[in-house]
Each structure stands twice: as C-alpha cells, then as structure tokens.
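Student: I have a model open and would like to learn how to read it. Could you walk me through some features?

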There are 2 protein chains.
Amino acid sequence: MPIPSQRIAVIGGVAAGPAAAAQAVRSDPKAEVHLFEQGPVISYGACEIPYYVSGQIERVETLVQFDPERFQNQRGARVHVSTMVKEIHPSRNRLVAEGPGQRASEERFDKFIIATGAKPRRLNIDGEESTNVFSVRSLNDAVDIKNFLAAHRVRHALVVGGGYIGAEMAEALVHRQIRVTILDPVGGVLHRYVSGPLQDIVQEHLQKAGVQIRRERAVRFDFDAANHVSAVTTDRGERIGCQLVIVAIGTEPNTCLAKEAGIRLRANGAVDVDDQMRSSLPNVWACGDTVEVRRVVDGKQIYLPLSPTAFRTAHVAGENAARRGRGAPATFAGVVGASTVKVFGLEVARVGIPLEDASDSGFDAFAERVHSWSRVSFYPGARRLHVELVVERSRGRLIGGTVVGEEGAAMRANVLVPLIWREWRVRDIRDLDLVYAPPVAPSIDPLLTAAHRAAQRL
Amino acid sequence: MPIPSQRIAVIGGVAAGPAAAAQAVRSDPKAEVHLFEQGPVISYGACEIPYYVSGQIERVETLVQFDPERFQNQRGARVHVSTMVKEIHPSRNRLVAEGPGQRASEERFDKFIIATGAKPRRLNIDGEESTNVFSVRSLNDAVDIKNFLAAHRVRHALVVGGGYIGAEMAEALVHRQIRVTILDPVGGVLHRYVSGPLQDIVQEHLQKAGVQIRRERAVRFDFDAANHVSAVTTDRGERIGCQLVIVAIGTEPNTCLAKEAGIRLRANGAVDVDDQMRSSLPNVWACGDTVEVRRVVDGKQIYLPLSPTAFRTAHVAGENAARRGRGAPATFAGVVGASTVKVFGLEVARVGIPLEDASDSGFDAFAERVHSWSRVSFYPGARRLHVELVVERSRGRLIGGTVVGEEGAAMRANVLVPLIWREWRVRDIRDLDLVYAPPVAPSIDPLLTAAHRAAQRL
C-alpha cells in the first residue's frame, strides 16, 4: 500500500462532509481522506424528509444517495459511520473518535474539515423530550415521526414555527389527513420569504388548504398518562389539544467540536472562515451549515443553511484542504441568497435582499409589486403570479425580489439571480427578451412588467 | 377642438400597430394619431389561434384585447378598421386609404409608422387557394379553420411545415381527435429550436402523441368533387389522403406598401431600420414583424417575428415618431433571441446562438448537454429535463442554450437570457445560487450541472 501524501479528516457525513471528502480525493488522489459520521447513515437529503413523512416518498432508503461502502468505492474516502468524533486538536494533529463498540482512540491527521452541520433550535420548554415532540433534521427524526404516526392515531398536530420546514411539515401532515395548526409568533407562515401584501396571499393559501395559523408562542406542554404531550398552552393563554408536536423554529450551526478545539466562531456560532473556507487555525477548514457565506449584493455574511450552498462551500473546503501549495486556492464566489419553498402547490421564492432589510444594508429601496399571470391570462391553466422587485432608488438597480404563484414562480425567481448579481438596472431589465408562448408565459412576462413599472417610478 | 401638434399615421392594427399608436399618444398627447387596419378587428393575439382552433379557448372574442372604440377611448388614437392603406407618399406627407364602402381618398400626415406585420409564405402549388387549405395568421384564418372543422368531417389533416406554428396546429387538431401528419423536408419538427440529440427527443414526443412526421416536401394537390384538396403528393412520390391542409412554412415581412413608397428594404424584405426604428425616409418608422432586430451576442440582424419583440420595437417607433426634438430618442436595446413553444406538454426553448450557427457568427463553440430532472429525481412528478449550453471555446462564455422538458424548461431558458446578454463565462455560471426545493428543482440545478461540465472541458 502506497504511503499517503497526507491524511485529511472530514467530520460530518450528511451532505457537505461527503462532498468535501470526495473533492479532497479528486484534488489529491494520493491523500488518505477519512469521513466520520456519528449516525449510521451518510450522504442523505434532509430536505426530502417532509415528503417521506407525507408518504409521497415511500422508502427512507430513497433519501440516501450513497451507502458507506459505495461511497468508499466510488469516491475513494474511508467512511466511519456510527463514529463520534469527541475532540480534535489541530495544533498537534490529533483527532479523538469513538467507533461502535470501541473505546475512544486518538488518530493522527494533517488537516481537518468541519462539516458538522446545523442543529435544530430548541423551544426550551419542559417536556420537549417527550416521544411525540419531534424536530426535523436527521434521518432518525424522519423515521421516528413516521413510526409514531403509524402506531398512534394523530388527529391534530401542532407545528411550532412557520418557516419553510414548518410549512412543508404542515403540508405533509395534511396530506396524511391530519388537522394541523401552525404556531408562529413572529409574523405568520414563511415571513422570511414574503412580506407585506404577498404574505397575505401565502397565509390565505395555507388556510384554504385547511391549516390553522396562530400568531402565538408555545409556552407550556400538558401531558397524558403515556407521558405524551397532549396540549400546548400559548402566550395568549390558549390551550390547544394535540397528539403530535413538530418543533421547527430554525437551526443554528452545530459547532461545539470546533469551539472546544479553539477555532474562532462568529456571533451566531458559525465557524469564522474566509472565502477559501479556512478557519482561524491553519489546518482546519469548514463548510456546509457550519459557516456563513458572503452575499454579493451588500457584502454581508449571511447564514444560508441550504443544500446548494453546502455543496458549493464543501467543494471549496475539500479542494483547499487537499491542495499542497500548487496553483491558486479555490474561492467561494458568494451568494445572491436565493431560496424557495413549495407548499400545497404554491411556490414562494425569494432572491437577494428583502425590502425590510434594505435600509440595514445601506440601501434606500422601494418595492414594486405586480399581480399578473403565469401564462397568457385566458389560456387554460393560467395561474396568478405575484412579483415583487426590490429596487435601489438612487441607481435604479435590482437588489431583491420575491415571486409567488402556483406555476413558474420559483423558476422566475432564478431569472433574478444573475440580474441581481451583476447589478442590472430595472430600466435595462425591461428590455430583456424573455420567452413567450401562450401556454408558458404572457407576451410581456410579469418580471418585465414589474421592471418597467419600477423604472417608471425612478 | 385644439389644433393637433402633428398627425401620425400608424399602418397595421394587429399587435405592433396599436402598441406604437398608444405609445405615440403617450409621448405627445397633443398629436393626432390614426391607426389603420385592413381587417375588421384590431389588437388581437395571433399566437393564441391554435388554442382557439383546438377548442381550449372557446370564443374568438377572447383573443381580442381591445375593440376599436375602447382602444380609441382608452389609448387616444383614432381607429380606422376595414380600411386599406393603398399608398403612402411620405415625401409629400400623403396617405391614400380606402374605407368600407368608400372610395380611396388622400389624407395629410406628418409621420408614418409601418406596422404591416408579416405574411405567411406560400407553397406555390396549384390549388393552394382551395377552401380546405389554410394558413394561420389572421383572426379570419382562425374562424375559417374552425368553421370548416364544424361543417366537415375531417379525419386526417396534413400540416405542411414543422415550425412552431405547425407543431402547435398539429397539437390543436389532435386535441380535436383528428389524425395529423406533419410534412417537413428540412429537418423534422422544431428543427430551428432543437438540433442533434435533443431533436430526437422532440420528434419522439410528438410521435408518441400520435403525430406522424415525414421528412418530405408537398409537391402536388389532388382534389375531390367539391374542389377540396383530397390528397397531397410528396417529393418522394407518396400520396397522402387528407381532408384539411395547414400551410405553416414560415412568414416574411409584409412590406409591399413600404417598398412601393420607396423605403429601403433588406434582403429578406424587412424594412431597413436603425436601432431607433427609423427607416430610410426621415418621417417613416417601422416596427413589429416588418423589421429585423440586432442580436446582442454577435451583433447580427435577425428576423424574430414574435410578439414581445413586436411590442418592444413598437414602443421605440411610437415614441420616436411622436417626439419633436426634445430629449434623447428611444433606442432598441437588441435581443438575445429567446423563443419557446409548448406542444403536447413538452416545452422546447432556445436562447442565443444555436451551435450550428456559431461558426457563421465567428465563434469556435461547442455544446455541452445534460440530461437531468426538473425536480429532485425521486420526488413525485419529476420530469426529464434536457439542457444544451453553447459555449465559446476561447473565452468560455455562454452564447446559446436550449432547454427541453415537460416542466420548468422554458423558464430555465429565461435564466440564460441575462447570462448570455452580459457574456457570463460558464465557470462563473456554476457559482450561481439558483433556488432549490425538492418539488421545484434538484439540489444542483441542471443549468449549473451543464455549466460545470462545460467549464471542465475548457
């Protein structure tokens, strides 16, 4: 067996970890790359969990892209599942791990990639550990929820948190004929995706689909004889009976290991990295949901724990960890900040800077809203399409946008991505020749109508 | 009644004409703007005709945006329907028109806007004037086809020409339970939209939907006792029986009037205009399907007789005709050249320069093709999505693209529009953060996968 050029440890096996490990092997095929995962499974899509819970995806195995053996064979990294990395000591090149049925042991590594992901935020209410209170993060969570639903008659479920996971879980449970109430004290469902008038459209859509939405905070759990949560009391003193609780109030970087190793963290707990994904220690990189990324519009560092960002930061971290001084290091180009969710057939997509954040980012901005159609309005199947463009007043350039509709909304938001990235002015955007055909888009696409109206206001 | 500042004649009332007239009034509210249309109806969508023929749009009135009176009241231009403009003499400010039941009379105008549109190309076969041979251009054509279908039992229809109108008409007729054969000698159906391997996907899709496709040319008609075409003989000597023939072999600028007025035309018959839509005569502008437009990628003038282009050139022509020396004239920004068609549920969209035209435009280019999915592949409802990017080899920039699929194809082609316009390199495109959610797109969008693979080939 040849002597490896270097030994690289990748900690975390869900999405960014495997991508970083694979990239490291590609960049330095002589390196010995080890991937550590505390759970039994690597390389899976946490984003698909709601569709597994709903039953639309039947088998949990479908969510797994690689089993450890196949990953090892095809990607060339050695995989250690059910193995907890207890400590890392980058300065003396040591990693302490505890494998299944083994005692903790120390191993030598030249370099470390932190890909420990995010962890769900907690409510911090007594009883949050009850067996009918779930978060939605790991494959275990998914299996636990589905098993609970199979074993118990759940008539009413409470979803705490109206973010995209909360909304997707609400849809999944309604799909299983369960009544659902969403509790979100801040500003209703998907308030980080839509605001103002478009927010109302989203609320009404979910309500029409049968979801109760309450702008309240959960403050106390009640329990039944089986020690299951049987009711939640809110900050308004309402008591809501339920047989299942989903807690989806956001995630935060899971970076205890990094912190204990003396790696510098940011205020929100993310590993402090540069655009090469280098941490404060010279032989440690980080990626995925453990890091923030630079938003190109305003240069701000934002936390965007989404799969595409995870993969992109993982490639940069993997390549740079493996490189040994040759060529230029890989850099992360930044993000516009694009995200979408589709619930009960409604696509809600946001790109760039929301109007309500614009002044914080130093922009004097306004929003132009257009309520149009996904196709020629009188063509069968046309659906309402709502566009909001956020425009910087002084230069007239596009800095953000939201698109909502049952058809063509998310993909239209994608059109805004390069426009925001390269600082297009709305007066130039209206000159774009976007495609037209009656079954596909109106003759003047709603994006262009919005740009035109925005330009007229300047 | 106030004395008008100027009198402007707009000739042609389908799409560009009304838009130019309305813009002229907006730009100079004191101008007297007259809109002349030879048919009885103005301001209608010719693009929707196939869906009227299919029955998906029931009433022909649905296709009409404005009746003449409402247009006159709301847009401020005077409308003359069923009025043929026989001659214009721009140098002596005269227009000769013949209204319904009137003799031709001469009127004085300061300025002229040519918006006479396009006319269908002819087969030049004896019998092309038969009452069961139709082109698809005017509202009259639409009504005639539908009336013929109501009065006759059409079992088999022949569509001559496999462009987008031919394909859409084939779909419309199949929707009415009629067997359809498309004859296209050049390169199969939609060959101007797709080529190479993607072309096969489109052919197969139409064939699965029951459409016969023959790479043959119609050379002779046979007739029945009622003098209807009853069969078509092809250049291979095949004789195909039919009860209806649609001729859809393209259109050309309808510019006889301009030619006779001494206005300079281009080789294809389009009015020779600059980017302000000015013709060779100082008081004549042209727009819509009578002009060519500049393609920004290579600076070539291309003929793109599509509704969005018609509206944009009309706004420029209307504004510039009406302006009287104040401010800067409007200019047409050019096109990337984006178009789409959706037939039998399949969206086929092309943007920029096709691979086969790249060397003509001075580019050493290659195509990168990716066969992926519209959503996460294992999410219910995911459809195959095919992407072809055309990439200039030396600078690695995107110059064209084609997207084919039953979901999200046309809108993804729209994403390429600004990318081509601003000369993005494929290596930068792969860094875009496009939206992701399992019901909407794969984690790495097919566009990004294609850009990534293209970048690796450079």
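**Reading a model, feature by feature**

Tutor: Gladly! Let's start with a single side chain: Thr290(B) is buried, with a relative accessible area of 0%. Keep in mind that this is a predicted model.

Student: Where is Thr290(B) placed in chain B?

Tutor: Thr290(B) sits in the loop between β18 (284–286) and β19 (293–294) of chain B. Its side chain reaches the backbone oxygen of Cys287(B) at 2.9 Å.

Student: Let's move to a helix. How many residues of helix α12 of chain B are buried?

Tutor: A residue counts as buried when its relative accessible area is under 20%. Eight of the eleven residues of α12(B), which spans 446–456, are buried, so the helix is largely enclosed by the rest of the structure. Among them are Pro446(B), Leu447(B), Leu448(B) and Thr449(B).

Student: What do the buried residues of α12(B) pack against?

Tutor: They pack against strands β23 (365–373), β24 (384–392) and β25 (398–405), and against helices α10 (409–421) and α11 (426–429), of chain B. Have a look at the start of the helix too: Asp445(B) caps the N-terminal end of α12(B), with a side-chain oxygen 3.0 Å from the backbone nitrogen of Leu447(B).

Student: Now the backbone. What should I look for in phi angles?

Tutor: Most residues other than glycine have a negative phi. Here, Ser82(A) has a positive phi of about 50 degrees although it is not a glycine. Ser82(A) lies in the loop between β3 (78–80) and β4 (84–89) of chain A, and counts as partly exposed at 29% relative accessibility.

Student: What is the phi of Glu423(A), and where is that residue found?

Tutor: Phi of Glu423(A) is near 55 degrees, again a positive value in a residue other than glycine. You will find Glu423(A) in the loop between α10 and α11 (426–429) of chain A. At 39% relative accessibility, Glu423(A) counts as partly exposed.

Student: How do I read the contact between the two chains?

Tutor: The size of an interface is often given as the accessible area lost when the parts come together. In this model, chain A and chain B bury about 4900 Å² between them, 67% of it on carbon and sulfur atoms. In chain A, Met411(A), Asp433(A) and Val435(A) lose the most area to chain B, together 15% of what that side buries.

Student: How are the two chains related?

Tutor: Two copies of a chain are related by a rotation about an axis and a shift along it. Here a rotation of 180 degrees with 0.0 Å of shift along its axis superposes chain A on chain B, with an RMSD of 0.0 Å. That is the relation of a two-fold axis. In chain A, the C-alpha nearest the axis belongs to Val415(A), 2.2 Å from it.

Technical notes
Residues numbered from 1 in each chain as written. Chains lettered and ligands numbered in written order. Predicted model: local features only at pLDDT ≥ 70, side-chain atom pairs only at ≥ 80, totals over all residues. Heavy atoms only, no water. Buried area = accessible area lost by both parts, 1.4 Å probe. Least-squares fit on C-alpha atoms with pLDDT ≥ 70 in both. Helix = DSSP H or I, 4+ residues; strand = E, 2+ residues; numbered from the N terminus. Buried < 20%, exposed > 50% of the residue type's maximum accessible area, 1.4 Å probe, protein only. Contact = heavy atoms within 4.5 Å. Polar contact = N/O pair within 3.5 Å; in protein donor to acceptor, adjacent residues only side chain to side chain.
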